[in-house]
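Keep the viewer open, try each task, and then read the solution.

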Amino acid sequence: MRNCPSCGREHADSAAFCAGCGTRFDGAAPAPVPSGGYVAPPPASPSGGGKALASLIIGIASLLAWCLPCVGIPLSITGLVLGILDLKSPKRGMAIAGIALCSLGLLVSLVNAALGAYMGATGQLFK
Ligand SMILES: [Zn+2]
């Protein structure tokens with residue numbers, strides 16, 4: 001049994017309205033707010049480092065994509081920029097590695113593009 005909050009009349013727990021004054025019973029009492037509960041701290045997100053990793057991955061990809069200069073050149077430049085942006089992050093070594101890989105990828109892509117252009121110009125591509 002419970003009492004109507006307005007008029008105090010007793011009702012069955014299943015009653016939806018007070019038979020005396022018509023007050024609506026909103027079902028169960030509001031769930032108690034857990035106080036002093038454990039609040040998980042936000043995950044220790046590394047400040048920076050994401051771009052260094054991206055630079056490293058892009059560097060590897062640009063090395064694999066060197067045979068496609070139209071992909072390798074923009075890819076390696078992107079990785080180079082990301083690596084430089086993250087040089088001051090805790091993952092500096094990774095950024096440097098990414099920069100090195102991207103530089104290499106850019107170099108190889110440029111050589112390949114120059115070679116391709118040269119061979120295309122001289123008609124030696126399909127010989
Ligand atoms: Zn009532």
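Two residues count as in contact if their C-beta atoms, placed from the backbone, lie within 7 Å. Please keep in mind that this is a predicted model.

**Exercise 1. Overview of the chain**

Task: Find the order of the elements, and state what share of the contacts with a separation of 6 or more comes from residues 24 or more positions apart.

Solution: 
- Start by listing the elements: the chain holds three helices and two strands.
- Read from the N terminus, their order is β-β-α-α-α.
- Next, take the contacts with a separation of 6 or more; 55% of them join residues 24 or more positions apart.
- As for burial, 23% of the 127 residues are buried.

**Exercise 2. Checking helix lengths**

Solution: 

**Exercise 3. How α1 and α2 pack**

Task: Describe how the axes of α1 and α2 are arranged, and say which residues meet.

Solution: 
- Two packed helices are described by the angle between their axes and the distance between the axes.
- Here the axes of α1 and α2 come within 8 Å and cross at roughly 155 degrees.
- Angles over 145 degrees count as roughly antiparallel, so α1 is roughly antiparallel to α2.
- The crossing is left-handed.
- From α1, the residues that meet α2 include K51, A52, S55, I58, G59 and S62; these six are also among the buried residues of α1.
- On the α2 side, the partners include G72, L75, S76, G79, L82 and G83, which are likewise among the buried residues of α2.
- By type, the residues of this contact divide into seven nonpolar, eight polar and one charged.
- Helix α3 takes part too: α2 and α3 are among what covers the buried residues of α1, while those of α2 pack against α1 and α3.

**Exercise 4. A closer look at L75**

Task: Decide whether L75 is buried or exposed, and list its contacts beyond four places in sequence.

Solution: 
- L75 belongs to helix α2.
- Count the other C-beta atoms within 10 Å: there are 23, so L75 is buried.
- Leaving aside neighbours within four places in sequence, L75 contacts I58, A61, S62 and A65.
- L75 and A61 are 14 residues apart along the chain, and their C-alpha atoms are separated by 7.8 Å.

Definitions and conventions: Residues are numbered from 1 along each chain as its sequence is written. This is a predicted model: local features need pLDDT of at least 70, side-chain atom pairs count only at pLDDT 80 or more; totals for chains, interfaces and linings use all residues. Helices (H or I, at least four residues) and strands (E, at least two) are DSSP runs, numbered from the N terminus. A residue is buried if 20 or more other C-beta atoms lie within 10 Å of its own, exposed if 12 or fewer, and partly exposed in between; C-beta atoms are placed from the backbone. Axes are lines fitted to C-alpha atoms, for helices over the stretch in contact, and angles run from 0 to 180 degrees between N-to-C directions. Angles under 35 degrees count as roughly parallel, over 145 as roughly antiparallel, 65 to 115 as roughly perpendicular and the rest as oblique. A crossing is left-handed if the near helix is turned anticlockwise from the far one by less than a right angle, and right-handed if clockwise. Ala, Val, Leu, Ile, Met, Phe, Trp, Tyr, Cys and Pro count as nonpolar, Asp, Glu, Lys and Arg as charged, and the others, Gly among them, as polar.
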